[in-house]
Amino acid sequence: MNTNNNVYTVIYTAVIVVVVAALLAFVSGKLGPAQDANAKAETLRQMMSAAGVKPTEELYAARNAEVLQLYADNIREAYTIGLDGQKNGELSVSKDKIELISKLKPQHKAILAGGDVTLPVYIFNSGIAVIPIYGAGLWGPVWGYIAFQPDCHTIAGAFFDHESETPGLGAKIKDEPWFREKFSGKTVEWGDTPAFRLEKHAEATGATNAVDAITGATMTSKGLNEALNVWFKAYEKHFGSGAFFSMLGEHADSETINTEEE
Amino acid sequence: MDKKLKETILNPILKGNPITVLVLGICSALAVTVQLKGALVMALSVIAVTGLSSLVCSLLRNTIPNRVRIIVQLVVVAMMVILVDQILKAGEGTYAIDKQLSVYIGLIITNCIVMGRIEAFALGNKPIPSLLDGIANGLGYGLILVVVAFFRELLGSGTLFGFQVLPSGYVPNNLVILPPFALILLGCIIWVHRAIDKDLQEN
């Protein structure tokens with residue numbers, strides 16, 4: 001057979017590509033549920049790390065089932081809000097049916113477009129509220145979870161992750177615990193623009209809503225700063241103007257709302 | 001076992017090691033050798049990809065149109081790499097390692113060893129020897145990866161497979177964690193390899 005014939009070549013490559021594509025689609029479909037379960041447990045680990053439910057290392061050493069159980073034991077409620085700051089949905093927190101808004105990219109797009117959003121708020125038994133953030137780093141998306149003290153003004157903890165930032169530089173947002181630990185005790189000044197600063201020499205200004213950018217990772221830091229501020233802006237009406245506290249009822253203690261300017 | 005087959009298996013591990021002799025695939029050897037666990041998973045992934053890609057390409061060798069053979073090989077290799085990546089992502093224990101290895105699993109596609117062995121061996125040999133050649137080359141690569149990772153994790157973190165082995169008073173050497181040290185270590189391994197195997201020395 002003449003394998004160098006044009007028709008043969010075209011048909012051969014077409015068949016190979018179709019066969020490979022079909023095989024990969026089949027495998028992807030088969031493994032999808034297992035991958036989703038892993039991704040869900042990963043999201044829960046990151047949220048609980050930010051909320052301080054357990055140390056990060058312990059969360060990563062725990063199996064998926066243990067992570068789901070831990071979340072179910074520690075979560076009080078989870079719901080979604082719109083850009084007006086009002087609740088627009090509930091997320092189930094029962095162990096068998098844990099609901100998360102884990103696809104942050106479409107929400108990010110909707111925030112930027114000012115459209116309909118369902119932004120999640122996860123409230124733990126400790127009164128700590130966790131929200132996600134999402135944005136563009138240097139090579140791919142960066143995201144994270146920010147946990148607030150019950151005053152919704154002070155950051156209790158944070159966890160950041162990324163898809164493909166440079167190891168040793170931008171990847172430090174995840175790899176170096178000191179980076180996320182710097183956020184604990186900082187504040188978010190709802191209503192200010194920007195509500196938070198992740199910039200060069202930001203800490204030297206003495207502001208409580210500032211963390212220094214990472215040296216050598218300018219673009220990742222910029223992307224993360226933007227992600228923080230875009231998402232903080234989206235949650236501003238919920239946390240900043242009392243919608244959150246009026247919703248919590250007995251927790252709406254005005255003394256705990258600290259909106260003083262620095 | 002006949003002599004030729006034995007040579008096929010042993011040569012890539014020793015005298016014709018893809019990393020220390022051919023100096024192929026060193027990019028990932030520098031990147032994923034900070035910890036033994038990652039290096040081991042990477043080594044196993046490469047072994048699976050080189051072995052299976054060589055097997056499939058060898059099975060197809062008489063039907064592949066010569067003008068598009070590189071493209072066909074690339075499709076086969078890419079398929080194997082995606083399969084490995086998907087399987088790692090689905091396993092509960094391997095998910096974190098897959099995330100840690102991030103782009104390097106995907107970049108196995110560009111590892112010169114894989115395409116090199118298909119071009120040099122699989123297209124001209126029967127399936128079983130091709131499979132063994134692919135596995136052996138993966139092993140040769142993996143062996144160096146594990147040796148490099150052993151020293152880097154030991155000196156850089158004081159641990160092996162995440163377990164503390166050096167006394168807690170040991171101050172981890174940060175240079176060892178950085179990629180340049182992998183290059184230094186690789187140089188040392190090549191040095192030792194050549195000192196032992198006189199055939200490799202140039203005049």
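Two residues are in contact if their C-beta atoms, placed from the backbone, lie within 7 Å. Keep that rule at hand for the tour. This is a predicted model, in which local features need pLDDT of at least 70 and side-chain atom pairs count only at pLDDT 80 or more, while totals for chains, interfaces and linings use all residues. Residues are numbered from 1 along each chain as its sequence is written, and chains are lettered from A and ligands numbered from 1 in the order in which they are written.

**Stop 1: all of chain A**

Select chain A and colour it by secondary structure. The C-alpha trace of chain A spans about 85 × 45 × 40 Å along its principal axes. Of its 262 residues, 35% count as buried. A residue is buried if 20 or more other C-beta atoms lie within 10 Å of its own, exposed if 12 or fewer, and partly exposed in between, with C-beta atoms placed from the backbone. Among contacts in chain A between residues at least 6 apart in sequence, 55% join residues at least 24 apart.

**Stop 2: the sheet**

Now show the strands of chain A. Six of them form an open sheet with antiparallel pairing, in the order S2-S1-S3-S4-S5-S6. Two strands pair if DSSP finds at least two bridges between them. Strand S2 (87–91) and S6 of chain A stand at the edges with a single partner strand each, so one side of each is left without a neighbour in the sheet. Direction ignored, neighbouring strands of this sheet are turned by 25 degrees against each other on average.

Strand S1 (residues 75–81) of chain A runs antiparallel to S2(A), and four bridges join them. Select Ala78(A) to find one of these places: its bridge partner in S2(A) is Leu91(A).

Helix H1 (residues 6–51) of chain A touches strand S3 (119–124), strand S4 (129–136), S5 and S6 of chain A, and its direction makes about 150 degrees with that of S6(A). Helix H7 (residues 218–239) of chain A touches S1, S3, S4, S5 and S6 of chain A, and its direction makes about 135 degrees with that of S4(A). For such angles, axes are lines fitted to C-alpha atoms, for helices over the stretch in contact, and angles run from 0 to 180 degrees between N-to-C directions.

**Stop 3**

Is strand S6 (residues 155–162) of chain A largely enclosed or left open? Seven of its eight residues are buried, so S6(A) is largely enclosed by the rest of the structure. Its antiparallel partner is strand S5 (residues 141–148) of chain A, joined to S6(A) by seven bridges. Pick Gly144(A) and you can find its bridge partner in S6(A), Phe160(A). The hairpin of S5(A) and S6(A) has six residues between the strands, and there Cys152(A) takes a positive phi near 60 degrees.

**Stop 4: where two helices cross**

Select H1(A) together with helix H3 (residues 64–74) of chain A. Their axes come within 9 Å and cross at roughly 50 degrees. That makes H1(A) oblique to H3(A), since angles under 35 degrees count as roughly parallel, over 145 as roughly antiparallel, 65 to 115 as roughly perpendicular and the rest as oblique.

Which residues meet here, in H1(A) and in H3(A)? From H1(A) come Ala37(A), Asn38(A), Ala41(A), Leu44(A), Arg45(A) and Met48(A), and they meet Asn64(A), Val67(A), Leu68(A), Leu70(A) and Tyr71(A) of H3(A). These residues divide into eight nonpolar, two polar and one charged. Here Ala, Val, Leu, Ile, Met, Phe, Trp, Tyr, Cys and Pro count as nonpolar, Asp, Glu, Lys and Arg as charged, and the others, Gly among them, as polar.

**Stop 5: two loops of chain A**

Zoom in on Pro194(A), in the loop between helix H6 (177–181) and strand S7 (197–199) of chain A. A cis peptide bond joins Thr193(A) to Pro194(A), with omega about -5 degrees.

Then move to His201(A), in the loop between S7 and strand S8 (210–212) of chain A. His201(A) is not a glycine, yet it has a positive phi of about 60 degrees. It is exposed, with 10 other C-beta atoms within 10 Å.

**Stop 6: chain B**

Finally, show both chains. Their contact takes 20 residues from chain B and 21 residues from chain A. On the chain B side, helix H4 (69–90) and helix H5 (95–101) are the elements that give two or more residues. H4(B) gives the most, with 10 residues.
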